[in-house]
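Have the viewer open as you read.

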Amino acid sequence: MHRSRISTCARRGLATVVAAGSLLTVLTTATPAAAGTATTPVDGAKVVCTSQKPGLAPALSHDIAVALDSHEGAAALAVYDRRTRTRCDFQAGAHFDSASVVKVTVLGALLRQAEEAHRRLTPREVRLTTAMITKSDNASTSALWRQLRPAGVQHFLTLAGMRHTVPGTGGAWGLTQITAADQLTLMQLLTTDNPVLTRASRGYALDLMGHVVPEQRWGAPAGAPATATVHVKNGWLPRKTDGWRVNSVGAFTGGAHDYGIAVLSTKNRTMDDGVDAVESAARVIHRDLSR
């Protein structure tokens, strides 16, 4: 390749990274100057909420804290609502084993890779991504993880501004270290125009998350308003230490809804305990945002 063209491509690549990082920094950190802030303590940490809607921050902060307080394990949570410019965080920077919620990241990395190659997904990739998201198929995920390689996954994470996510090593994608904040960044990425994923790619991802099989539609959708379109991905993983990991991420669109939820949990005695913790938090979030 001609040297000048290499330089041009390099500049374009750098510009894309900078633009993506700048956009997602605004999406995930900006709060209006007039927003109200409220904090409620839970087990030595705090649920912190900021909202432009009067009374919403203290209601969410209190209700989320009550929901999490009964959970015997460890949890983290992050929420955004674009309508009311609301953001809530609870230990959102803490690392958790991803289990299957990382599959949305794998999908994002594949879509970005295809975009950069100026191609559509192959029939094989469509088959694998559909099974990976709608049925949480592990074999399909492993095949795509090998195809992307660590560099491909990390490339997407960098562009997406998911700076605290660490891909699992040796093919152990389910042990990717994730944070609630990064997972919320991903939900925001999928639901707004950005330089990382095209509208078509985002629509494809959201459509798959909207067609998860019924038996896996627990977690973040619990208590969602009937007028919302639900996009969800869950993860569950038992390990010898710290019990069950149970995670759920979701985006809620349509019918004037535009918000996302990420709840991560570990040290659950059973899977049901983890599901209960996630759904208790999700229910109060949906309720308070719908008021």
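β7 and β8 pair in the antiparallel sense, with 10 bridges between them. Helices here are DSSP runs of H or I of at least four residues, strands are E runs of at least two, and numbering starts from the N terminus; two strands pair if DSSP finds at least two bridges between them.

Asn247 has Leu264 as its bridge partner in β9. This hairpin has 2 residues between the strands, and Gly255 takes a positive phi near 55 degrees. As for β8 itself (residues 244-254), 9 of its 11 residues are buried, so the strand is largely enclosed by the rest of the structure. Buried means under 20% relative accessible area, exposed is over 50%, and partly exposed is in between (1.4 Å probe, protein chains only).

A word on the source: this is a predicted model, where local features need pLDDT of at least 70 and side-chain atom pairs count only at pLDDT 80 or more, while totals for chains, interfaces and linings use all residues. Residues are numbered from 1 along each chain as its sequence is written, and side-chain values use heavy atoms, leaving out hydrogens and water.

The largest nonpolar core has 46 residues, and Phe156, Met187 and Leu190 have the most contacts inside it. (A nonpolar core is a set of buried Ala, Val, Leu, Ile, Met, Phe, Trp, Tyr and Cys residues joined through side-chain atoms within 4.5 Å.) Elements that each supply at least two residues include β3 (74-81), α5 (138-160), α6 (180-190), β8 and β9. The largest share, 9 residues, comes from α5. Apart from this core lies another, of 34 residues, with Val42, Ala75, Ala220 and Val230 among them.

Met187 is worth a click: beyond residues up to four places away in sequence, Met187 touches Tyr80, Val104, Met209, Val249, Gly250 and Ala251. Contact here means heavy atoms within 4.5 Å.

## An aromatic stack

Aromatic pairs come to 2, counting rings of Phe, Tyr and Trp (its six-membered ring) whose centres lie within 6.5 Å; planes under 30 degrees apart are stacked, over 60 edge-to-face, and the rest tilted. Phe252 and Tyr259 form a stacked pair, at 5.1 Å centre to centre and 25 degrees between the planes. Both residues are buried.

## Buried polar residues

Asn234, in β7 (residues 229-238), counts as buried because its relative accessibility is 2%. Its side chain makes a polar contact with the side chain of Ser248 at 2.5 Å, and reaches the backbone oxygen of Trp218 at 2.9 Å. A polar contact is a pair of N or O atoms within 3.5 Å; within protein, one must be able to donate a hydrogen and the other to accept it, and residues adjacent in sequence count only if both atoms are side-chain atoms.

Lys103 sits in α3 and is buried too, at 0% relative accessibility. The Lys103 side chain makes polar contacts with the side chains of Ser100 (3.0 Å) and Asn138 (2.8 Å).
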